[in-house]
4 protein chains.
Amino acid sequence: MTVMTDKLHEECGVFGIFDPEKTLNVAHITYSALYALQHRGQHSAGIAVNNEGELYCHRDSGLANEVFNEMVLKYLSGNYALGHVRYATAGSEGRENAQPFVIKYHKGQMAIAYNGNIINANKLRGELEENGAMFQTQSDTEILAYIITRERLQVQTTEQAILNAMDKLTGAYSVVMLCSNKMIALRDPNGFRPLCLGMLGKAYVIASESCAIDAVGGQYLRDIKPGEIVMINENGLQSNVSKSTGCGSLCVFEQIYFARPDSVIDGQSVHHARLEAGRCLARRYGIDADIVIGVPDSGIDAAIGYSYESGIPYALGLIKNRYVGRTFIQTKQNEREGLVKIKINAMASVVKNKRVIVVDDSIVRGTTTFNLVKLLREAGAREVHVRISSPPFLNPCYFGTDISSRDKLIACRMSIDEIRKTLGADTLG
Amino acid sequence: MTVMTDKLHEECGVFGIFDPEKTLNVAHITYSALYALQHRGQHSAGIAVNNEGELYCHRDSGLANEVFNEMVLKYLSGNYALGHVRYATAGSEGRENAQPFVIKYHKGQMAIAYNGNIINANKLRGELEENGAMFQTQSDTEILAYIITRERLQVQTTEQAILNAMDKLTGAYSVVMLCSNKMIALRDPNGFRPLCLGMLGKAYVIASESCAIDAVGGQYLRDIKPGEIVMINENGLQSNVSKSTGCGSLCVFEQIYFARPDSVIDGQSVHHARLEAGRCLARRYGIDADIVIGVPDSGIDAAIGYSYESGIPYALGLIKNRYVGRTFIQTKQNEREGLVKIKINAMASVVKNKRVIVVDDSIVRGTTTFNLVKLLREAGAREVHVRISSPPFLNPCYFGTDISSRDKLIACRMSIDEIRKTLGADTLG
Amino acid sequence: MTVMTDKLHEECGVFGIFDPEKTLNVAHITYSALYALQHRGQHSAGIAVNNEGELYCHRDSGLANEVFNEMVLKYLSGNYALGHVRYATAGSEGRENAQPFVIKYHKGQMAIAYNGNIINANKLRGELEENGAMFQTQSDTEILAYIITRERLQVQTTEQAILNAMDKLTGAYSVVMLCSNKMIALRDPNGFRPLCLGMLGKAYVIASESCAIDAVGGQYLRDIKPGEIVMINENGLQSNVSKSTGCGSLCVFEQIYFARPDSVIDGQSVHHARLEAGRCLARRYGIDADIVIGVPDSGIDAAIGYSYESGIPYALGLIKNRYVGRTFIQTKQNEREGLVKIKINAMASVVKNKRVIVVDDSIVRGTTTFNLVKLLREAGAREVHVRISSPPFLNPCYFGTDISSRDKLIACRMSIDEIRKTLGADTLG
Amino acid sequence: MTVMTDKLHEECGVFGIFDPEKTLNVAHITYSALYALQHRGQHSAGIAVNNEGELYCHRDSGLANEVFNEMVLKYLSGNYALGHVRYATAGSEGRENAQPFVIKYHKGQMAIAYNGNIINANKLRGELEENGAMFQTQSDTEILAYIITRERLQVQTTEQAILNAMDKLTGAYSVVMLCSNKMIALRDPNGFRPLCLGMLGKAYVIASESCAIDAVGGQYLRDIKPGEIVMINENGLQSNVSKSTGCGSLCVFEQIYFARPDSVIDGQSVHHARLEAGRCLARRYGIDADIVIGVPDSGIDAAIGYSYESGIPYALGLIKNRYVGRTFIQTKQNEREGLVKIKINAMASVVKNKRVIVVDDSIVRGTTTFNLVKLLREAGAREVHVRISSPPFLNPCYFGTDISSRDKLIACRMSIDEIRKTLGADTLG
C-alpha cells in the first residue's frame with residue numbers, strides 16, 4: 001500500500017522534442033525530462049519516437065526509471081520523441097491506460113500524450129460509438145485521438161482537424177502529438193494546464209514545465225499560449241492562434257501546489273508566485289510570533305515570503321523523510337496513528353516553547369493539517385498559527401484534480417473558525 | 001547506473017526493539033524505523049526476529065520497501081526484532097552481505113547488525129582462519145560474530161564474551177544483537193558512530209538516530225555511551241560501562257552530513273549543530289552579499305544559521321529533484337555534462353544579478369561544488385561566495401567513510417585559494 | 001534466447017465456459033484448460049470473465065502459469081470465462097497483442113479470442129480505416145472485432161452481424177466471444193482450425209482441442225461444424241449452420257503435428273490418425289530393419305503404427321529433455337553444434353549396430369532431421385531409414401503456419417532423393 | 001502452488017569441468033550440463049568458476065534457465081567450473097542453501113557441490129560447534145566444507161584431508177570441489193549416488209549422469225568408483241582408491257526412477273536396466289491382455305520390455321502434459337479431484353474395451369497409481385493390471401529420498417493384495 005495523503009494529487013507531465021540535425025539521443029533526453037517531471041505523475045511513464053516516419057513506443061506502469069532501461073532507450077531511436085508521466089485517477093491505473101497513445105488510421109500514424117481533463121468525454125465517447133468506434137481503454141486520450149482522426153477524414157490538414165476537434169472538446173488539455181512528419185503541441189483556449197517551448201541547440205522542445213527544459217540543458221523560450229497550436233518539423237515552427245483568446249485561466253493549483261518551484265509558468269516564476277502569496281498572507285493575516293516554518297515541500301516558498309514580509313525569522317521546524325513518495329506498507333496500527341510521523345517529523349529543538357507560524361499551500365481534506373498542528377504541539381510549540389497560501393477551496397474543480405465530491409472538502413462544510421477549531425490551531429489565515 | 005555524486009556516502013543504520021508485553025507488531029515497527037533510517041543506507045535492508053527463542057531473518061538488496069512486503073512482515077512474528085539498512089562499500093554489494101547476520105553456534109543462536117568499520121578486520125580474519133574458521137562473506141559482520149562466539153566458548157556470559165571481544169576490536173562499531181533470550185546493544189569506546197535508546201510504551205527501542213524512535217511514535221531517552229554495553233530482556237535493562245572512557249569522538253560527518261537534522265546525537269540536536277556551524281561561518285568568513293542559499297538537503301541548516309548571524313536574507317536558490325536517489329540511467333552524453341542539472345536546478349529568478357553566498361556541508365572531491373558554482377553563474381548570479389560548514393577534509397578517515405585514497409580529496413592536493421580558483425568561486429570560506 | 005527448431009510452430013488455443021448455475025470457479029477452470037492447451041501457444045495467455053454483464057480481463061506475455069497467480073484468478077470472478085494461449089508470429093510478440101481482446105462499443109462490450117489467420121486482413125484494415133477506424137495493435141483480432149461491431153450497427157442481432165462478417169472474412173478462424181449476455185463460438189466455413197464442444201456438469205465448454213475438456217473433468221460432446229455459429233446463454237445452446245457447407249478442410253498439420261494425441265478433432269482421434277499414418281508408411285515405404293524409433297514427441301504415435309504394421313520392434317532410441325520448451329541461453333558455440341543434443345539424445349545402447357527406422361511427423365526446413373540422422377549414426381546405428389508421416393510440404397499454407405517463404409521449405413527446392421542425400425539417410429519415405 | 005505428486009523426488013545433480021587449454025566457455029558448458037541434469041533438481045541452480053585461482057559463484061532459487069542469463073554467464077569466466085542443481089528437502093528451500101557453497105579458509109578458497117545425504121550430520125555439526133564453528137545455513141554442504149577444512153589444518157594435502165573427512169562421514173555423498181589449483185571429485189565408499197567421468201576434447205568433465213556429458217558433446221569414460229577420490233589439474237588426473245571397497249550399493253531408485261534413461265550408471269544403461277525390469281515382470285507376473293502401456297515418463301522403458309517379453313503390443317495409453325513440472329496454481333476444488341488429469345490423460349481410443357497392463361516404476365504413497373487406474377477405467381478399459389518394476393518399497397531409505405516416515409509408504413501398511421484392492425486394480429505385480 002502507498003502512503004496516503006489528503007493533498008491534491010499532481011497531474012500529468014508531457015515532453016516532446018524534435019531534432020532536425022539527427023545528432024541527439026532524443027529518447028534519452030526525453031527520459032531525463034520525464035525524470036524532472038516525475039512530480040507530476042508517478043503511476044506510469046512512456047516514450048514514443050518517430051524513426052523515419054515510423055512510430056515506436058514503450059510505456060508501462062511505474063516511475064520513469066522503473067519503466068525504462070538502457071536497452072529500451074537504445075531501441076527507441078529516431079529524431080522526434082514524445083514522453084509522458086501520468087498520475088492515474090481511480091479506475092485508470094492499468095498499464096493499458098499509460099501514454100503516449102499510439103494509433104494507425106487512414107491518414108497514417110499518430111502518437112499522442114496529454115495533460116488535462118476532458119469534461120464532455122462521456123458525451124463524445126457516446127457519439128463516437130454511435131458512429132462505429134470501439135474503445136479499448138478508459139482513457140480520455142483514446143477519445144482525443146478518435147476526435148482528431150475522425151475530423152482528419154473530413155479535412156485536408158491535421159491543423160484544420162485539430163481546430164475542428166477543439167470546437168468539440170470542453171475542458172483542460174495540453175497536448176503534444178507526433179505524426180509521421182511533424183510534432184504538434186496545443187493548449188486548450190483557457191490554458192488550464194501549462195505547456196511551454198524551448199530550444200536545445202537546434203532542437204525544439206515542448207514541456208509541461210520549464211524545469212524539464214532546464215534539466216536537459218535547454219533554454220526556455222516562451223509558454224504555448226492558451227488556444228495556440230504549434231507545429232514543428234524540418235521547416236521550423238508554425239503557430240496557429242486562431243483559437244487563442246488572449247487571456248488564460250491557469251489552474252491556481254499549478255502555481256500553489258503542482259508545479260516545481262524552479263519552473264516558470266505563463267511567464268511567472270512558480271517560486272515567486274508562492275513567495276508573493278506568503279508576503280500577502282503576512283500582510284493580511286499578520287500575527288506576532290517567534291518563528292515562521294513551512295510545510296515541506298510546497299509550503300516552504302510561502303513561509304520564506306511570510307518571513308521576509310513580517311521580519312519573523314524563518315526556521316526549519318518540520319523535516320520530511322526523503323524517501324516518502326515510495327510505497328510504504330501499512331498496517332491497521334499505522335492507519336490509526338495517521339502515518340504522519342513516517343512522512344514528516346517536527347524539530348523539537350526548534351519549536352519548543354515557541355510561538356510558531358506554520359505556512360502550508362492548501363487545506364484540502366484537513367487531516368494532514370490537523371496532524372501537523374498536533375505534531376508541533378507535541379514537540380513543545382506554545383502557539384501554532386496556521387497560514388494557508390491558497391484561498392479556501394470551495395468547489396472541486398472539474399478540470400483535473402482528484403477530489404471526488406464536495407463532502408470531503410473541509411472548506412465546504414465549515415466556516416474558517418470552525419476549521420481552525422477542528423485543526424486545533426490558535427489562529428488560521 | 002546510478003546518479004553519481006562526489007559526496008561522502010552515508011553509513012549504515014540499525015534498529016532494535018524488545019516488547020515484553022508481546023502486544024506490538026515488532027517487525028512492522030522495525031520496518032517503519034528502517035524507512036526513517038533509509039538515508040543511512042540504500043543498498044540492502046533486513047529484519048531478524050526472535051520468536052520464542054528461535055531467530056528468523058529476511059534480508060536482501062534494495063530499499064526497505066523493496067525488500068519487504070506485507071506477507072514477509074507477517075511471517076516475521078516475535079517480540080524481539082532487529083533491523084538494518086546498509087550502504088555497501090566497493091566489493092560488498094552482494095545480497096549475501098546484507099545484515100542482520102544470523103548464525104548458530106555452540107551456545108545457541110545470534111542475530112547481529114552493525115554500523116561501523118573494523119580497522120583490524122584483516123588481521124582478525126587471519127587469526128580466526130588459523131583457528132579453523134571459514135568465511136562465506138566479505139562482511140566485517142561475519143568477523144564480529146566469530147570473535148564474539150569464539151570468546152563465548154571460553155567464558156560464562158555473553159556480556160563477558162563481548163567485553164573480551166571489544167579488547168580485540170579496533171575501529172568504529174555500534175552493534176545491536178539478538179540472542180535467544182535478550183537484546184544487546186553496544187558502542188565502541190570512542191563512540192564514533194551514534195546509537196541511542198528510547199521507549200515505545202513498555203517496549204525498549206535502540207536506534208542509530210533518534211529520528212527512527214520518533215518515526216515509530218516512541219520517546220528518545222538517552223544515547224548509548226561510548227564503550228557502554230546494554231542488555232535488555234524480561235528483567236529490564238542492564239548497563240555495563242566498564243569500557244566507557246567518559247569521552248567520545250563522534251565522527252564529525254555524523255553531525256554535518258550523515259544524520260537527519262531532526263535527530264539528536266550524543267545529546268545535541270543535529271539541526272542546531274549545523275545552524276551553529278552556519279553562524280560560525282558567518283562570524284569567521286563574513287562577506288557582504290544579497291542572499292544566502294543552502295545546498296539541499298544537508299547545507300540548508302547551516303545556510304539558515306549563516307542568515308541569522310549575518311542578517312543577509314535566506315533564499316531558495318537551488319531546488320533538488322525529489323526523485324533523485326532513485327536510479328538514473330546514464331549515457332556518455334550525460335556524463336560529460338555532469339548530470340548536475342538532473343539532480344539540482346538553480347532558481348534563476350532568485351539569484352539573477354544577486355551576490356550569492358552558497359553554504360554547503362563539505363567539499364570532498366570538488367566536482368559537485370564546481371558544478372554548483374557554474375550552475376549559479378549560468379542562472380545569472382553576479383558573485384558566488386562558497387562557504388563550507390566543515391573543516392578542510394584532509395585525511396580520509398578509516399572509520400567508515402567511503403573515500404578510497406587521499407588523491408581524490410581536493411583539500412589534500414591544494415591550498416584553500418587554489419581550491420577557490422578551481423571551483424570558480426569568488427570567495428571560499 | 002530460445003531453443004530454435006525448424007519445426008512448424010503451433011497455433012493458438014482458445015477455451016470458453018458458461019456456468020448457468022454460478023457454482024464453478026470459471027476462471028480457474030479456464031486456467032486449467034489453458035495449461036492443457038499450452039502446447040498450442042507459449043507467447044501469451046489471457047482470461048476474460050463476464051461478471052453480471054461486465055467484462056474483466058487479465059492477459060500478458062508468458063505461459064499461463066507465469067501470467068496468472070492465485071490473486072488474479074480470484075479477482076476474475078463471473079459465470080462466463082474466455083481464455084487464450086497464443087503463439088506469436090513475427091512482429092506480434094508484444095503484450096498489447098495478447099488475447100482475449102476486450103472492447104466497448106455502441107451495443108455494449110465484447111471479449112474475443114481466436115485461432116486462425118485472416119487472409120484478407122490488410123484489405124479489411126484499409127477499408128475500416130477509410131471509414132474512421134483507428135488501430136492500436138498489429139493483431140487480426142482487432143480487425144475481427146471491428147468487422148463484427150461495425151456490422152452490428154447495421155443489424156438487429158449479433159448473430160446476423162457475425163453472419164455478415166463471415167461473408168467478408170477470408171481465411172482460417174475459430175472464434176470464441178463473450179458478450180454481456182452470451183457466449184458465441186464459431187468456425188470458418190472451411191473448418192481449417194479445430195473447435196469442439198463439451199459439458200462440465202451443467203456448464204457448457206468450448207475448446208480448441210478435446211484434451212482441454214478432459215483436463216477440466218468435462219465430457220466431449222462434438223466438434224463445432226465448419227461454418228457453424230453456436231450461441232450459449234441461460235436459455236441453452238442455439239446453433240446456426242447457414243454458413244455450413246457440410247465438408248471441412250481441417251489443416252493437415254493439426255492431425256500430424258499441432259494437436260495433442262489425446263485430442264479428438266472432427267470426430268477422429270489424433271493418436272489414431274497418426275498411428276494410421278505410421279501403418280500407411282510401413283505399407284508404402286516398407287524396408288527391413290531391426291528397430292523402429294519415433295522422434296519425440298509427435299513422431300512416437302506414427303512409429304508405433306509402423307511397428308504394428310511391419311512387425312519390426314518399436315524401441316526407445318531417442319530421449320527428449322523434459323525441460324526443453326523453456327528458454328535456453330545460446331552462444332555462438334552452441335549454434336554451430338546445432339543444439340540438437342541439448343534437446344534430444346540418442347540412446348547408444350539401443351541403436352548400436354542396428355538398422356534403424358526413424359519416424360518423424362514432418363520435414364520442414366530439414367536441419368532437425370539432418371541432425372537426428374547424424375546423432376543416430378554417431379550413436380552407432382548401422383543404417384538410418386527416415387520415414388515421414390506427412391506428405392511432402394510443398395507450399396507454405398497461408399492459413400496459419402509460420403513459414404515465411406517457399407525458399408526455406410526443403411521439399412520445394414529438391415527431389416525426394418536429393419533430400420535423402422542432404423539428410424544423410426539411407427532411405428527416405 | 002506446485003503440482004503435487006506422491007512420487008519420490010529426484011536428487012541433486014553436479015557437474016564439473018577443467019579446461020587445461022583455456023579455450024572453452026566453461027560456464028556455458030556447465031549451464032548446458034545443468035539443463036541436461038535439471039530432472040535431478042528444480043529448486044536451485046548455481047555455477048562457481050575458478051579464474052586464475054580466484055573463485056566466483058552465482059546461485060539462486062529456480063531452474064537453471066531462470067537463475068542464469070547471458071550476462072551472468074559472461075561474468076563467470078575461468079577454466080574450471082562447478083555446477084549444481086538441487087532438489088530441496090523440507091526446511092532447506094531458501095536460496096542461502098543453494099550450491100555450490102564457496103568459502104575462504106586458512107589454506108585458501110574452496111567451492112563445493114554435492115549430491116547425497118550425510119546421516120551423521122547433526123552429530124558432526126555438534127562437534128564442530130563445540131570447537132568454535134558457527135553455521136549460517138541448514139545445509140549439509142556447510143558441514144562437509146567444515147569437516148574438510150578442519151582436517152586440512154592438520155595435514156599436508158587436501159587429498160589426505162578428504163581421506164580423513166571420509167572416515168568421519170556416514171552416508172551418501174558424491175562430491176565435486178574446486179580448489180585454487182585443482183578440481184576434486186569423490187564418491188562415498190558405498191557409491192550410493194552416481195558420478196562419472198568424461199572428456200570434452202582435452203577437457204575433463206565430471207557429472208552425476210552421463211547424459212550431461214552427452215549434452216555438452218563430450219565422451220563418457222567411466223564411473224568414479226565407490227570410495228574413489230579423483231584429482232584433476234594441469235598435470236592430468238590422479239586417482240586415490242584407498243577407500244574403495246570394490247563393491248558399491250547404488251541406490252535402486254537411481255536406475256528405476258531418478259536417472260534419465262539415456263544415462264549410463266556404473267556401467268549399465270539406465271534404459272536397459274528398466275527394459276530388463278519390464279521383461280522380468282512379464283516373466284514373473286505374466287497375464288493375458290490386449291495392450292501394455294507405460295506411465296510416462298519413467299514407466300515407458302519397462303512397459304516396452306514387458307511388451308518384448310510377452311508379445312502383447314505396446315500402446316500409447318497415457319499422455320502427459322509437456323508443461324507439467326512448471327508450477328500450477330491449485331484450488332481446493334482441484335485438490336479434491338486429485339489433479340491427475342491436469343498431468344496425465346488416458347487415451348480413450350486406445351484403452352476402450354481393452355484388457356490393459358499398465359507398467360509403472362514404483363508405488364510410493366499409492367494415490368498416483370490409484371488415480372491412474374481410475375482414469376483408465378473411466379476411459380473404458382475393461383481390465384487394468386498394474387505391474388510395478390521395483391520391489392515393494394518397505395523401508396524409507398536414509399540416504400536421500402524424501403519420504404518422511406514409514407506411515408506414508410503403502411507397502412509398509414498393507415499386503416500386496418490389500419494394495420491391489422486399494423488401487424482398484426484387477427491384478428498387481
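Begin by selecting chain A, where 16 helices and 21 strands are found. The model on display is predicted. Chain A has 429 residues, of which 63% count as buried. Among contacts in chain A with a separation of 6 or more, residues 24 or more positions apart account for 67%.

Next, turn to the aromatic rings. Over all chains the count comes to 22 aromatic pairs. Select Y56(A) and Y75(A), which form an edge-to-face pair, 6.1 Å centre to centre and with 75° between the planes. Y56(A) belongs to strand β3 (residues 54-61) of chain A and Y75(A) to helix α3 (residues 70-75) of chain A, so the pair ties together parts that are 19 residues apart in sequence. Is Y75(A) buried or exposed? At 52% relative accessibility, Y75(A) counts as exposed, while Y56(A) is partly exposed at 33%.

Return to chain A for a cluster: Y31(A), Y35(A) and F68(A) are linked by ring pairs. Then select R125(A), which lies over the face of F135(A), 4.6 Å from the ring centre. In chain B, R125(B) lies over the face of F135(B), also at 4.6 Å from the ring centre.

The next stop is chain D. Select helix α14 (residues 367-378), which has 12 residues. From its first C-alpha to its last, α14(D) reaches 16 Å, close to the 16 Å expected at 1.5 Å a residue. Which residues of α14(D) are buried? They are T368(D), T369(D), N371(D), L372(D), V373(D), L375(D) and L376(D). After the helix comes G380(D), with a positive phi near 105°.

Finally, select the cysteines. A search of the whole structure finds zero disulfides over all chains. C179(D) is buried, with a relative accessible area of 6%, whereas C280(B) is partly exposed, at 36%.

Key
Residues numbered from 1 in each chain as written. Chains lettered and ligands numbered in written order. Predicted model: local features only at pLDDT ≥ 70, side-chain atom pairs only at ≥ 80, totals over all residues. Heavy atoms only, no water. Disulfide = S-S within 2.5 Å. Buried < 20%, exposed > 50% of the residue type's maximum accessible area, 1.4 Å probe, protein only. Helix = DSSP H or I, 4+ residues; strand = E, 2+ residues; numbered from the N terminus. Contact = heavy atoms within 4.5 Å. Expected span 1.5 Å × (residues − 1). Phe/Tyr/Trp six-rings, centres within 6.5 Å; stacked < 30°, edge-to-face > 60°. Lys NZ or Arg CZ within 6 Å of the ring centre and 35° of its normal.
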